[in-house]
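Please have the sequence and the structure side by side while you read. The explanation below goes from one element to the next.

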Amino acid sequence: MPPKAAKSSYLTADTLRELWADEFLPSIQKEFKAEIDKIKDEISALTAKCIEIEASQTFLSKEYDNFTDSLQITKRDVMEISSCLKVLEDKIKSIDDLVDEQDDIQQYIRRDCVEITGVPMLPDDKPKEIVKEIGQLMGIEIADHQISTAHRLPPTRKVKDKLIVKFVHRDTKDLFYKKRSKLVGKKSNDLPLVKREYENNNREFNNIYVNESLTARRRKLFGRVNEFKRSERWKHIWTINGKIMLREEDASRVFSFVHARDFDAFLNESF
């Protein structure tokens, strides 16, 4: 029996086609499909991200538009508020001017008045007689007809013995006030009325002071100026016809204040 022919070790075209169809092509298609699926997933994720970014941009755009609108509204509101504030400032200034004018009128009414402190209340109190005796201490004669009225003022926490005098004529008031320096070193028991009442009394007697009668606002201003005088160690403070006068030294410039804004301006310019 003749021997079998040996099987060839070479691939034929048919065999190669079979291998391609059965093994290589499916494997390549599988890998290619896997890559395609992967790319699709990445594209899907990227698409979703783009959609998210677009949505964020849309939101931010709307928010920016809203912010711009709000900013414009706020600017209008600020302008309206500024306008209202200006109106209020003008009204406040008008009110301050009105209050100052009223204070000037009240002070003018007091132009003929002085206030005297340091004279104790007497059992048979005679304010007009006390005024006349104080005039004598200062070297001037005051007659009854020169005094319009004189009476005690209610005591306060700081001042107990005070009386107010209104003279008939301003010249008399000015002279009485001008001579007040003559009272330096004088005490209330130098007045005959007081001396007779407390002749055998060992009580302590106060100095006598004469001051212009000031309105409540003017007294408050005087307190501020006086506090400045003490803190800055200035030398002189006094009043003339309701004006508060301030001087640092004997020969230095005199500053005068009628209203609080005058003193505020002085502080702003000087310090």
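What follows takes the helix and then the strands in turn.

This is a predicted model, in which local features need pLDDT of at least 70 and side-chain atom pairs count only at pLDDT 80 or more, while totals for chains, interfaces and linings use all residues. Residues are numbered from 1 along each chain as its sequence is written, and side-chain values use heavy atoms, with hydrogens and water left out.

Helices (H or I, at least four residues) and strands (E, at least two) are DSSP runs, numbered from the N terminus. Helix α1 covers residues 13-109, and because its 97 residues at 1.5 Å a residue should span 144 Å, the 136 Å between its end C-alpha atoms agrees; the expected span is 1.5 Å times one less than the number of residues. The buried residues of α1 are D100, D103 and Q107, where buried means under 20% relative accessible area with a 1.4 Å probe and protein chains only. These buried residues pack against α5 (216-232) and α6 (260-270), contact being heavy atoms within 4.5 Å.

Strand β1 (residues 113-117) runs antiparallel to β4, joined to it by four bridges, and strands count as paired if DSSP finds at least two bridges between them. V114 has E212 of β4 as its bridge partner.

A separate paragraph belongs to the open sheet of three strands, ordered β5-β6-β7 with antiparallel pairing. Its edge strands, β5 (236-240) and β7 (254-257), each pair on one side only. Strand β6 (residues 243-247) pairs with β7 over four bridges, and R247 stands opposite V254 in β7.

Notes
Buried means under 20% relative accessible area, exposed over 50%, partly exposed in between (1.4 Å probe, protein chains only).
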